[in-house]
Amino acid sequence: MSAIQNEAQRRTMVCFAFMAYCGERITIFDNPTPGAAIKTLIEEAMPQLYPIAPNGNPAWSIAWGPAVYTIPGAILQDHMMYAVRNNDDPNQIVVAIRGTNGMSEVDWLLGDLAVEQMVPWPPGAVSEGIGGAISESTSIDLQRLLAMTSSLDGVSSLLEFLTNAISGTSGTSFVTVTGHSKGGVMSSTMALYLKQVQQTWDPAGAAVVSNVSFAGPTAGDAAFAAYSDSQFASPSVSPPGWDASLGSNMDACRNSLDVATLAWTATNFDKIVTIYSPTIKMGWGWSFVKDGAQSGLMAVLGKQDFTQVELSQAPMTGALSGEHKTGFFTGLEASLKAFAAEGGFQHHAYPAMLGVPKAGDPAVIKLT
């Protein structure tokens, strides 16, 4: 048995998840409609990634998108999503969703940090309790993704693409949704939504929906997590090469040292601030702000009961970079900078942890 669960699938999906960052720094001044330029960057990256191009020839091709959304008045893109199809087995489809655009303040504020208000699941439900609730950010992101259109292939929305793709094949189709960071949480939420409304895009029920997410923060409350887990548990059919030991068609890939995967659960505060100990100590001055920071976090997030989907799945064991160290007498600002640097390293460590370092190489995954 592989030391890493679902390793083959994860190695393939991490390539698609990180290729979603291609072109994220293209501004409206560079190109107001960057879909075609992003597609070129993805197609240039594919041959360099062994799991999807073992002989330098990609086994997959872009089948829809990239579809891009920029908030009116903004300069940088806020969302990107694309789909690929296996060249030898057209029944295998992957949908990849980009994570947070780190240069876009608007994306951070609306796409990640609007977590105080909760929205009932599924979308349009008149009251909570059917499937729990998700954060306002998760709800906003989902609605935007569903509304996004691609002008590159004559197909508009993702659901319309899937309808056409599934109806054009025979036998069982496999639709796997993937993404990293915000793309991770949105990939698991999108996969659940596709199952929720499968009758609308796959009336014959010919598709199996699965998910491989990386570094996803928490989407919703405990009731939502339990509902999501129940929809993917004990599958009778899984994608080719899927690791049955997961017991689910949802694979939440998490690095044990990635603090992003601990958000937004308020009770994880102590675990977050000590996760890099003893290499990084919070330093002099931290004790003066800790209690206030923790009480503020509990006041904002404590009542939401945020819980990760597939929480019981074992994380991959992370290793400290060794580049960031502080002591008890280090100033608070320096400690926080070291913590943030180590956190960034761990949050983007997934390609290297899975033996696909080129998927995290900016010379391959070009941002412009």
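**Figure 1. Overall view of the predicted model, in which buried residues, meaning those under 20% relative accessible area for a 1.4 Å probe on protein chains only, make up 54% of the 368 residues in the protein.** This is a predicted model, in which local features need pLDDT of at least 70 and side-chain atom pairs count only at pLDDT 80 or more, while totals for chains, interfaces and linings use all residues. Residues are numbered from 1 along each chain as its sequence is written, and side-chain values use heavy atoms, with hydrogens and water left out. The protein has twelve helices and ten strands, taken as DSSP runs (H or I of at least four residues for helices, E of at least two for strands) and numbered from the N terminus. Along its principal axes the C-alpha trace spans about 65 × 50 × 45 Å.

**Figure 2. Close-up of the largest nonpolar core, which has 40 residues.** Such a core is a set of buried Ala, Val, Leu, Ile, Met, Phe, Trp, Tyr and Cys residues joined through side-chain atoms within 4.5 Å. Met81, Phe161, Met190, Leu194 and Trp201 touch the most other members, and helix H6 (residues 182–196) gives the largest share of this core, seven residues. A second, separate core of 39 residues includes Met80, Val94, Leu354 and Val364.

**Figure 3. Close-up of the surroundings of Trp201.** Beyond its neighbours within four places in sequence, Trp201 is in contact (heavy atoms within 4.5 Å) with Leu159, Leu162, Thr163, Ile166, Val175, Leu194, Ala207 and Val209.

Figure 4. On a 1 Å grid over the protein atoms alone, a cavity is a set of points where a 1.4 Å probe fits but cannot get out, whereas a pocket is an open set with protein on both sides within 12 Å along at least five of seven lines, and lining residues have an atom within 4 Å of a point. Of the 15 lining residues, Ser188, Gly216, Pro217, Gln308 and Val309 are the closest to the centre of the cavity. H6 gives the largest share of this lining, three residues.

Methods:
Buried < 20%, exposed > 50% of the residue type's maximum accessible area, 1.4 Å probe, protein only.
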